[in-house]
Amino acid sequence: MEVQEIVNLIMNSGVTIVVLAYFMVRDWKFSDNLKNTLSKLSDQMELIKDLLRKE
């Protein structure tokens with residue numbers, strides 16, 4: 001394998017790793033945000049159920 005081929009392999013793999021890392025972090029943040037939002041929604045639904053039971 002020539003030096004140029006090794007450099008090209010590293011460059012191509014580097015871009016792939018960066019893109020994969022970007023999507024992993026983006027999905028991780030989105031999932032965390034979604035979990036927090038659903039948790040807040042669930043809490044609000046419990047409050048509404050409690051209020052409706054009291055009436």
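Phe 23 counts as partly exposed because its relative accessibility is 38% (buried is under 20% relative accessible area, exposed over 50%, partly exposed in between, with a 1.4 Å probe and protein chains only). This is a predicted model, where local features need pLDDT of at least 70, side-chain atom pairs count only at pLDDT 80 or more, and totals for chains, interfaces and linings use all residues. Residues are numbered from 1 along each chain as its sequence is written, and side-chain values use heavy atoms, with hydrogens and water left out.

**Aromatic pair**

- You'll find one aromatic pair in the structure.
- Tyr 22 and Phe 23 make up that pair, and it is edge-to-face because the ring centres sit 5.2 Å apart with the planes at 70 degrees (rings of Phe, Tyr and Trp, the last by its six-membered ring, pair if their centres lie within 6.5 Å; planes under 30 degrees apart are stacked, over 60 edge-to-face, and the rest tilted).

**Nonpolar patch**

- Phe 30, Leu 34, Leu 38, Leu 41, Met 45, Ile 48 and Leu 52 make a nonpolar surface patch of about 700 Å².
- Patch members have over 30% relative accessible area and no salt bridge; like charges are joined within 9 Å, and nonpolar side chains (Val, Leu, Ile, Met, Phe, Trp, Tyr) within 5 Å.
- The areas come from the Shrake-Rupley method with a 1.4 Å probe, and for residues only the protein chains shown count as cover.
- Leu 34 belongs to helix 1, residues 3-54 (helices are DSSP runs of H or I with at least four residues, numbered from the N terminus).
- Leu 34 is partly exposed, at 40% relative accessibility.

**Salt bridges**

- Side chains of opposite charge can pair when their charged atoms come close.
- The count here is four salt bridges, each one a side-chain nitrogen of Lys or Arg within 4 Å of a carboxyl oxygen of Asp or Glu.
- One of them joins Lys 35 to Asp 32, at 4.0 Å from N to O; both residues are in helix 1, three residues apart, or about one turn.
- Lys 49 is partly exposed at 39%, and Glu 46 is partly exposed at 38%.
- Asp 50 and Arg 53 also meet in a salt bridge, 3.6 Å from N to O; they are about one helical turn apart because three residues separate them in helix 1.
- Asp 50 is partly exposed at 34%, whereas Arg 53 is exposed at 62%.

Definitions and conventions: Helix = DSSP H or I, 4+ residues; strand = E, 2+ residues; numbered from the N terminus.
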